[in-house]
Amino acid sequence: MTAPLIDPFQRAISYLRVSVTDRCDFRCVYCMSENMQFLPKKELLSLEELDWISTVFVRLGVQKLRITGGEPLVRRDILKYFQGMSRHLDSGALRELTLTTNGSQLERFAADLVACGVKRVNISLDTLDEAKFAEITRWGRLPQVMRGIDAAQAAGLRVKINVVALKGFNEAELFDIVAWCADRDMDLTFIEVMPMGDLGNEDRLDQYWSLKDLRMRLGEQYQLTDLAERSGGPARYVRLEETGQKIGFITPLSHNFCESCNRVRLTCTGELYMCLGQEDMADLRAPMREHPGDDDVLEDAIRAAIRLKPKGHDFDYSRQKVDGQMTRHMSHTGG
Ligand code: SAM
Ligand code: SF4
């Protein structure tokens, strides 16, 4: 029997997020600058390398894989990777294969993803207004994403909508978004904006809309019941008694979820980040390329990395300055 991955704080690692590309067909203002320099192909893990490392993680006890990016569905031939991972669903080693996407390519991919065993998708959408959607994503077009959401639901995928809470941008749409998700039977999670990357002229504190405030506003219209449910990540949930909807809040800036953290993140270049809020990472691509196909070497490198998983992270807006600001973009670690 292979020993599971346990970090120095006795947390079992059962959840891996894999960023499969740094590229994207959108340029969301809080995530990327307009003129992004993307990595040359040789820097990226190949689809074979992605399959290999994911497979070793599954053997070491990872039960949930979330595929992200960049925009995962713009990576060429990405379906091959999903098809490969479906064998771990078939064997029972993997419990869930899922992805986070901007929805732009779902019209094309939804049915194929279902065929690979994907049952749920997270789709990011910050506004229901076409003009505002074009403004926040710069390159995105709302009707295309709406067609993607239709296709996902038609294919039988359970959809969760992720909304980044942005002050002065989608505040006024709060109730419309809640009602729209209820109407379409989609789950909904709000995400607090995080200090990621150097995006030039966007002022992070200007965009910051605390979920505490958002929640208070929700409470003016609905009766909220806190749910005990935890996912091992930063999400907390409430139920709206009037509609029965479950709504999630992701406040990654708070420290209060670190003790139950069960996840690590692999970038598209094979760096393993043990914590979203720390710069510490382990380069797994080097051992993979020096010892191609050698499971033992890769397993040792993964175990050594997990031994470095820190206790928690250091974001803090509370002193009106962005402490612990990360220099890398969300599209690099995959959110
Ligand atoms: N392209 C896909 C998408 O947009 O869903 C997957 C990658 S994206 C980096 C993953 C999630 O991170 C999205 O829900 C996005 O809204 C969120 N995100 C990006 N930058 C963020 C930031 N600075 N603060 C909070 N969430 C952010
Ligand atoms: Fe692309 Fe997602 Fe980042 Fe938007 S949030 S730019 S869709 S990676």
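Across the whole of this predicted model, a search turns up 20 salt bridges. One of them brings the side chains of Glu299 and Arg59 together at 3.1 Å, N to O. This pair reaches across distant parts of the chain, with Glu299 in helix H10 (residues 295–306) and Arg59 in helix H1 (residues 47–59), 240 residues apart. Glu299 is buried, at 14% relative accessibility, while Arg59 is partly exposed at 37%.

Another salt bridge joins Arg120 to Glu96, at 2.7 Å from N to O. Arg120 sits in strand E4 (residues 120–124) and Glu96 in strand E3 (residues 96–101), so this contact ties together parts that are 24 residues apart in sequence. Here Arg120 is partly exposed at 35% and Glu96 is buried at 18%. Then there is Lys132 with Glu173, at 3.7 Å, N to O. Lys132 belongs to helix H4 (residues 130–137), whereas Glu173 is in the loop between strand E5 (158–165) and helix H6 (174–183). Glu173 is buried, with a relative accessible area of 9%, and Lys132 is partly exposed at 22%.

Turning to the strands, E7 (residues 224–227) runs antiparallel to E8 (residues 235–240), joined by four bridges; Asp226 has Val238 as its partner in E8. E8 also pairs with E9 (residues 246–250), again antiparallel, over five bridges, and Ala235 stands opposite Ile250. E8 and E9 make a hairpin with five residues between them, and Gly244 in the turn has a positive phi of about 80°.

Conventions. Residues numbered from 1 in each chain as written. Chains lettered and ligands numbered in written order. Predicted model: local features only at pLDDT ≥ 70, side-chain atom pairs only at ≥ 80, totals over all residues. Heavy atoms only, no water. Pairing = 2+ DSSP bridges. Helix = DSSP H or I, 4+ residues; strand = E, 2+ residues; numbered from the N terminus. Salt bridge = Lys/Arg side-chain N within 4 Å of Asp/Glu carboxyl O. Buried < 20%, exposed > 50% of the residue type's maximum accessible area, 1.4 Å probe, protein only.
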